[in-house]
Amino acid sequence: MAASSSSNMGEVQRLVIDKKETLTGHDVIYSFAVHRLVTKETWSFALDYNTGCIIVPTSWSFGIFYEKVPETSELSCSITLKRTDNRENSVMVFALVSFSDVNGRVARFSEAVCSGTMFAGDEKQGSISNRDKSELFNQELIVRISISIQECHVIKEL
Ligand SMILES: [Zn+2]
């Protein structure tokens, strides 16, 4: 499994990948630090994830794209999750993104930006709203991306 950024890879620091297989599926958490997003016009990060499931192995492409709205300096953050394998089985997916400060205080938390049943080739999109213009984005941030793939272990009756 490889994590790569479509741009600005040098600005992602201390990448930690935590993979876990559970009774019902697969969870993976990526966390990394970024600096002063507020000074950037755009920023993006992309990663590929393979569950390695022995029953229904699925593969995924996750992208996060941040853009500053020039007029208001607000943040626009969009997320895409695409299933890139070609297995017939559907699986359930939940993806969450959170932004924390270096002390772990969560400042932006997405409720399941991409969730639901996904078949091969499906793509889901989500976004994180920026309701108040927080000072948070002016400092170092920890970005945490959680992806949970469920029901691949379940043998479905036809
Ligand atoms: Zn599985």
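Predicted model: local features only at pLDDT ≥ 70, side-chain atom pairs only at ≥ 80, totals over all residues.
1. Overall fold. Among contacts between residues at least 6 apart in sequence, 60% join residues at least 24 apart.

2. Of the 158 residues in the protein chain, 25% count as buried. The largest nonpolar core holds 32 residues, and the members that touch the most others are Phe62, Leu81, Val93, Ala95, Val143 and Ile147. Two or more residues each are given to this core by strands E3 (25-35), E4 (42-50), E5 (59-68), E6 (75-83), E7 (91-100), E9 (114-118) and E11 (140-150), and the largest share, six residues, comes from E11. In soluble globular proteins, nonpolar side chains tend to be buried together.

3. Leucine 81. Once neighbours within four places in sequence are left aside, leucine 81 is in contact with Trp60, Phe62, Val93, Ala95, Cys114 and Lys124. Among these partners, Phe62, Val93 and Ala95 are also listed with Leu81 as the core members that touch the most others.

4. Valine 16. This residue lies in strand E2 (residues 13-21), and valine 16 counts as exposed because it has 11 C-beta neighbours inside 10 Å, where the cut-off for exposed is 12 or fewer. Valine 16 and arginine 144 stand 128 residues apart in sequence, while their C-alpha atoms are 9.5 Å apart in space.

Note on methods: Residues numbered from 1 in each chain as written. Core = buried A, V, L, I, M, F, W, Y, C linked by C-beta atoms within 7 Å. Buried ≥ 20, exposed ≤ 12 C-beta atoms within 10 Å, placed from the backbone. Helix = DSSP H or I, 4+ residues; strand = E, 2+ residues; numbered from the N terminus. Contact = placed C-beta atoms within 7 Å.
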